[in-house]
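Visitor: Could you take me through one part of this model up close? I'd like to know what the ligands have around them.

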Amino acid sequence: MTDPEDPELIDTAPVVRDGALDRPIALVGMMGSGKSTVGRRLARRLALPFVDSDQEVETAAGCPVSEVFERFGEAAFRQGEYKVLARLLDGRRKVIATGGGAFAEPGTRDLLRARAVTVWLKADLDTLVARTARRDTRPLLRGPDPRAKLAQLLDRRTPDYAQADIHVVSADGPHGRVVDAIIDALTAHLEENTAS
Ligand SMILES: Nc1ncnc2c1ncn2[C@@H]1O[C@H](COP(=O)(O)OP(=O)(O)OP(=O)(O)O)[C@@H](O)[C@H]1O
Ligand SMILES: O=C(O)C1=C[C@@H](O)[C@@H](O)[C@H](O)C1
Ligand SMILES: [Mg+2]
């Protein structure tokens, strides 16, 4: 079924309609994996609210993420990120784009795994380098060799991200294709986990 007012809003979401989804969806993965941009599109397709935890931290702090890092340090940012996610994970169905490091923090990861369906958006190093080069707002990538930094983070965090409920490749191409892949994987996951 398609909404004639908005052909993008195709009713592809029995997963939401039939009540199988009973909690928030949290997208996790590296900087540049597409959590914010794909997440917004996913929420639209599922007719759910969308929230971005980096933006929520910025609103709470009253300044950009990069300034939080500069003024208060990464540890303070991680505490703020935990607090914001604890508030957002209120049991209501929504799509949450997490910050790239959230799922690599043990306490934050436990919180997300307990209260959300977690989706790892996977992308390889070359893809992440190309995508993050477009915008210089990520404090952890500032410096002479952002590729080396991304490689180190990807290596270190991969075992953490692998603990997500669902793994989806964030292939280059139309965002809608990644949205389709997420909805398919989510549907399969919920069917498996609600089958009696
Ligand atoms: N499947 C895709 N194909 C092509 N470009 C993409 C895809 N997914 C994301 N991008 C692009 O990559 C860039 C980074 O995406 P986005 O900001 O959504 O990443 P993120 O995971 O939210 O990163 P961060 O953790 O830094 O917030 C954007 O320019 C976005 O349009
Ligand atoms: O991967 C990370 O550690 C980060 C990713 C961004 O989303 C922001 O949360 C911040 O720049 C840190
Ligand atoms: Mg983002």
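**Around the ligands**

Guide: Let's start with ligand 1: the residues of its shell split into five nonpolar, 10 polar and six charged. Here Ala, Val, Leu, Ile, Met, Phe, Trp, Tyr, Cys and Pro count as nonpolar, Asp, Glu, Lys and Arg as charged, and the others, Gly among them, as polar. Keep in mind that this is a predicted model: local features need pLDDT of at least 70, side-chain atom pairs count only at pLDDT 80 or more, and totals for chains, interfaces and linings use all residues. Residues are numbered from 1 along each chain as its sequence is written, while chains are lettered from A and ligands numbered from 1 in the order in which they are written.

So who's in there? Ligand 1 has 21 residues around it, and the closest are Gly34, Ser36, Thr37, Gly100 and Arg131 (a residue is near if its C-beta atom, placed from the backbone, lies within 6 Å). Helix α2 (35-46) and helix α9 (175-194) each put in at least two residues of that shell, and α2 gives the largest share, four residues. Helices here are DSSP runs of H or I, at least four residues, numbered from the N terminus.

Now over to ligand 2. Around this one sit Met31, Asp54, Val65, Gly99, Gly100, Gly101, Arg138, Pro139 and Leu140. By class, the shell of ligand 2 comes out as four nonpolar, three polar and two charged. Look out for Gly100 as you go: it is listed around ligand 2 and also among the closest to ligand 1.
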